[in-house]
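Subject: Structure handover

Hello,

Here is the structure I promised to pass on. My notes on it follow below the display.

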Amino acid sequence: MAKIDELWNEYETYAQTYLDRPIFKGTPLTGKTLRLAAENTYNTTKTFIPVDFALAQAQLESSMGRRSRHAKTNPFNVGEWDKGTKIRFGNAQEGINAYYNLMANNYLRNSTP
């Protein structure tokens, strides 16, 4: 159990170090929010979402939750379409969780690194 906790701590630290760069000032993303989503998704689906994958996606989708229609609560633009918003989230953690679950259930299931 201690080894898995260490891996999740590394996930969080890596993400936070990346997000602490001045270019991402104002992001609603934190190492902790990404870790919580990754850990919960893994525990329920047994699908691991790589932190680099999530960071790259957030950067492309909303400049790390700083620029898009509902960036602060939906940094991965889940349910956002050119013609409008289909899904709304109450806070950033809900939006982050939705992305991790979408990746695990619709895109990465039964795949390998």
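Buried means under 20% relative accessible area, exposed means over 50%, and partly exposed covers what lies in between. Glutamate 12 has a relative accessible area of 23%, so this residue is partly exposed. Please keep in mind that the model is predicted.

Salt bridges

Two salt bridges turn up in a search of the whole structure. One of them joins arginine 35 to glutamate 12, with 3.1 Å between the closest N and O atoms. Because glutamate 12 belongs to helix H1 (residues 2-19) and arginine 35 to helix H2 (residues 31-45), this pair ties together parts that are 23 residues apart in sequence. Arginine 35 also forms a salt bridge with glutamate 39, again with the closest N and O atoms 3.1 Å apart. Glutamate 39 and arginine 35 are four residues apart in helix H2, so about one helical turn separates them.

Is arginine 35 buried or exposed? Its relative accessibility is 12%, so arginine 35 counts as buried. Glutamate 39 is buried as well.

Aromatic residues

How many aromatic pairs does a search of the whole structure find? The search gives seven. Among them is the pair of tyrosine 99 and tyrosine 100, which is edge-to-face, with 5.5 Å from centre to centre and 85 degrees between the planes. Both residues are buried: tyrosine 99 has a relative accessible area of 2%, and tyrosine 100 has one of 0%. Elsewhere, ring pairs link Trp8, Tyr11, Tyr42 and Phe48 into a cluster. A charged residue also sits over a ring: arginine 21 lies over the face of tyrosine 18, at 4.3 Å from the ring centre.

Nonpolar core

In soluble globular proteins, nonpolar side chains tend to be buried together. Here the largest nonpolar core has 26 residues. The residues with the most contacts inside this core are Tyr11, Leu29, Leu34, Phe76, Ile96 and Tyr100. H1, H2, H3 and helix H4 (92-107) are the elements that give two or more residues to the core. H4 gives the most, with seven residues.

Neighbours within four places in sequence aside, phenylalanine 76 is in contact with Leu29, Leu34, Ala54, Gln57, Ala58, Glu61, Gly95, Ile96 and Tyr99.

The loop between H3 and S1

Asparagine 74 lies in the loop between helix H3 (51-62) and strand S1 (80-81). Its relative accessible area is 1%, so asparagine 74 is buried. The side chain of asparagine 74 reaches the backbone oxygen of valine 78 at 2.8 Å. Not counting residues up to four places away in sequence, asparagine 74 touches Ser68, Glu80, Ile87 and Phe89.

Serine 68 lies in the loop between H3 and S1 too. With a relative accessibility of 30%, serine 68 counts as partly exposed. Which residues does serine 68 touch, not counting those up to four places away in sequence? They are Glu61, Ser62, Asn74 and Asn77. Serine 68 and glutamate 80 are 12 residues apart along the chain, and their C-alpha atoms are separated by 9.3 Å.

Regards

Key: Residues are numbered from 1 along each chain as its sequence is written. This is a predicted model: local features need pLDDT of at least 70, side-chain atom pairs count only at pLDDT 80 or more; totals for chains, interfaces and linings use all residues. Side-chain values use heavy atoms; hydrogens and water are left out. Buried means under 20% relative accessible area, exposed over 50%, partly exposed in between (1.4 Å probe, protein chains only). A polar contact is a pair of N or O atoms within 3.5 Å; within protein, one must be able to donate a hydrogen and the other to accept it, and residues adjacent in sequence count only if both atoms are side-chain atoms. Contact means heavy atoms within 4.5 Å. A salt bridge is a side-chain nitrogen of Lys or Arg within 4 Å of a carboxyl oxygen of Asp or Glu. Rings of Phe, Tyr and Trp (its six-membered ring) pair if their centres lie within 6.5 Å; planes under 30 degrees apart count as stacked, over 60 as edge-to-face and the rest as tilted. A charge sits over a ring if NZ of Lys or CZ of Arg is within 6 Å of the ring centre and within 35 degrees of the ring normal. A nonpolar core is a set of buried Ala, Val, Leu, Ile, Met, Phe, Trp, Tyr and Cys residues joined through side-chain atoms within 4.5 Å.
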